[in-house]
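Here's a quick briefing to read with the sequence and the model side by side. Have a look at both, then work through the points below.

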Amino acid sequence: MENRQQFTLWYYLGAIILFFAAQSYFAREHVGVLPYSDFKALIQAGKVSDVTIGSETISGTVDLTGVEKLLPAPALETLKKQTAEQATVRQPDARQPATAQHRILARRVEDPQLTAMLDAAKVRYTAAAENRWFSTLLSWILPAVVFVGIWSFVLRRGMGGMGGHMGGMMEIGQSKAKVYVQSQTGVRFADVAGIDEAKEELMEIVEFLRNPDRYRRLGGKIPKGVLIVGAPGTGKTLLAKAVAGEAEVPFLSISGSEFVEMFVGVGAARVRDLFAQAEKKAPCIIFIDELDALGKARGFSGLAGHDEREQTLNQLLVQMDGFDTKNGVIIMAATNRPEILDPALLRPGRFDRHVAIDRPDVKGREAILKVHTKNVTLAPDVNLGLVAAKTAGFAGADLANIVNEAALRAARKNKSAVDMKDFDEAIDRVVAGLEKRNRVMNPAEKETVAYHEAGHALIAESRRYADRVSKISIIPRGIAALGYTQQLPTEDRYLLKRSELLDRLDVLLGGRVAEELVYGDISTGAQNDLQRATDMARHMITQYGMSERLGHVTFEAPRPSAFLNVPDLPQRAAYSESTAQLIDEETAKLIAEAHERVKRTLTERRAVLDALAGLLLKQEVVERATLDELLKTAGGRPVSRAPEPLPLATAAAVDRSSSLADVRHG
């Protein structure tokens, strides 16, 4: 790309300083300046001839012979400087005799008797014809130039360097799309892992761009647009770059927010310019990232501020209808909010094909980890399959972050390779937050946290369908987590039965009940547990139809976004007050029943609870192997953990957040 010089306000200030410096140099006096009184003395002594009277100065030719007796020492010194300066400016002719005649200059004083004095001394005098164009230039034109320069600078900065790669006000409507060739994208399908189905969908686009005649001879038409939808970090942009890299065609990338500026009509002009560029570079791929910033459904707001965005969207719709895929131009877009897109964008003939990218399963996560650890030095004990199992619900960007955190930790420890402990610490940091070993806790609070986390772990080990405990820690992490219990899912789950949800509900209440049982009192540490338990119980009643009294009915609308983990927005209840009261009663009943079950289990296994809490106070962190040994020696009975495959007819769909790595904060 062409490197262009970026002008700033300092350039204008520098130009002004140079201008005034030049003025002072060219306009300075090249002869000495005498006091007016000394000039009059020379006139009266008959030493001055040929006087020129100006508006501010008086100059004349002076005979320097014998002036030593007429002038004081400072004036004589000035005359000497005059003589030296004039000798430098005007070199004497060697063929002519030397003369004592020199030009001198004095400041004019309003003296009415000056002309009479000159007449008496018989001095020839004239008036100077002065040229004021230079002063006019400085007083009028220069301020105007400075004002225009500063105005242009401020306007350019205010519009964010408008004009894109060309610059300038006249190019405001040009597209800001970044053009990459295949070598610059540097991404192939081999660099994309964990989303094999999406790659297969897009491979057809690559084949069309490579060999379009194969499809044209049968009359087939390639889809005009491909919309990639998925959660943040799942690889939507990376997949689009891989398509361009495999097809070896130019890749025009632009964000949806870059179309709209402060001026009306700019977005539509940029859309037209974008498609004009694409036709010149065909075959190519146009990629619009974050399409929801541009393609939001029209008509939801009557504010005038939305007119510009709607005009831009209308222009995009027209351009998509107007171009032909035979030219080899494919439009791809990515968004994580497809539910708010305008229906006109999603109809056949525009974005024909929709490719959904879900969070990867355990095999996909292992493949993604292999891609990101390609250039990382791994120790022999690293098991990427185990790391993938510990990161259930993580997207590709999350896994890349874990690999980077593990590498940074190994570098801080001056290790020669990244080992499994580095990966475990990286997962803990991403999930639970930064470890804070220096936080001061009094012994009573530390003991409470130990019993709280021991209660979570013991209930998890006592329930058939609960995930196995991987690690227990009472080291504070993050902002408010004083301890945590990490559970490792045995497999990725997409459906959960009612019995499995009840077991998870018991695990959430394990810490609170342990505090009640040991101290006969409760603390504020279970706030997060109670919130999650209440949400789970309410979802079982209102969304999954798991209440006998309410029947197989749902009472709450689904989440506003399928891919963004945003909280449910408050909505007007679509049921009566009596039904709302019944929902509250059923929710409280589920929580109360779970509380009784947990209390009964912890009472029966009080010795194991005390032993596990004591071990936590001693070691602060208890790993899985240590927990197994303690359960054996303390009389813990094993729980069967080989659930049969879930029958689809009795399974209930669960919230996608339940597939995340399960961490209980104390």
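**A strand end and its neighbours**

Leaving aside residues up to four places away in sequence, Ser-255 touches Asp-289 and Glu-290, where contact means heavy atoms within 4.5 Å. Ser-255 sits in strand S8 (residues 251-255), and at 18% relative accessibility Ser-255 counts as buried. Buried here is under 20% relative accessible area, exposed is over 50%, and partly exposed is in between, with a 1.4 Å probe and protein chains only.

One thing to keep in mind: this is a predicted model, so local features need pLDDT of at least 70 and side-chain atom pairs count only at pLDDT 80 or more, while totals for chains, interfaces and linings use all residues. Residues are numbered from 1 along each chain as its sequence is written, and side-chain values use heavy atoms, with hydrogens and water left out.

**The chain as a whole**

- The protein chain has 22 helices and 17 strands; these are DSSP runs numbered from the N terminus, with helices (H or I) of at least four residues and strands (E) of at least two.
- Of the 666 residues in the protein chain, 42% are buried.
- Take the contacts with a separation of 6 or more: 78% of them are between residues 24 or more positions apart.
- The accessible surface comes to about 35,600 Å², and 55% of that belongs to carbon and sulfur atoms; areas come from the Shrake-Rupley method with a 1.4 Å probe, and for residues only the protein chains shown count as cover.

**Where H17 meets H20**

- The axes of helix H17 (residues 443-462) and helix H20 (residues 577-604) come within 10 Å and cross at roughly 95 degrees.
- That makes H17 and H20 roughly perpendicular to each other; the cut-offs are under 35 degrees for roughly parallel, over 145 for roughly antiparallel, 65 to 115 for roughly perpendicular, and oblique for the rest.
- On the H17 side the contact is made by Gly-455, Leu-458, Ile-459 and Ser-462, and on the H20 side by Val-598, Thr-601 and Leu-602.
- Sorted by type, the residues of this contact come to four nonpolar, three polar and no charged. Nonpolar covers Ala, Val, Leu, Ile, Met, Phe, Trp, Tyr, Cys and Pro, charged covers Asp, Glu, Lys and Arg, and the others, Gly among them, count as polar.
- As for the axes, they are lines fitted to C-alpha atoms, for helices over the stretch in contact, and angles run from 0 to 180 degrees between N-to-C directions.

**Aromatic pairs**

- The structure holds three aromatic pairs. Rings of Phe, Tyr and Trp (its six-membered ring) pair if their centres lie within 6.5 Å; planes under 30 degrees apart are stacked, over 60 edge-to-face, and the rest tilted.
- Tyr-451 and Tyr-519 have ring centres 6.0 Å apart and planes at 85 degrees, so this pair is edge-to-face.
- The pair links distant parts of the chain, with Tyr-451 in helix H17 and Tyr-519 in helix H18 (residues 498-519), 68 residues apart.
- Tyr-451 is buried at 12% relative accessibility, whereas Tyr-519 is partly exposed at 33%.
- Phe-555 and Tyr-575 also pair edge-to-face, at 5.5 Å centre to centre and 90 degrees between the planes.
- Both Phe-555 and Tyr-575 lie in the loop between helix H19 (527-542) and H20, 20 residues apart.
- Phe-555 counts as buried, at 18% relative accessibility.

- Val-469, in strand S12 (residues 468-473), is buried with a relative accessible area of 2%.
- Val-469 and Ala-457 are 12 residues apart in sequence and 6.3 Å apart in space, C-alpha to C-alpha.
- Gly-349 is in the loop between helix H12 (343-346) and strand S11 (353-357), and counts as partly exposed at 22% relative accessibility.
- Gly-349 and Lys-224 are 125 residues apart in sequence but 6.4 Å apart in space, C-alpha to C-alpha.

- Most residues other than glycine have a negative phi, and most peptide bonds are trans.
- The peptide bond from Ala-282 to Pro-283 is cis, with omega near -5 degrees.
- Asn-414 has a positive phi of about 60 degrees although it is not a glycine, and Asn-414 is exposed, with a relative accessible area of 70%.
- Glu-620 has a positive phi too, near 75 degrees, and is partly exposed at 23%.
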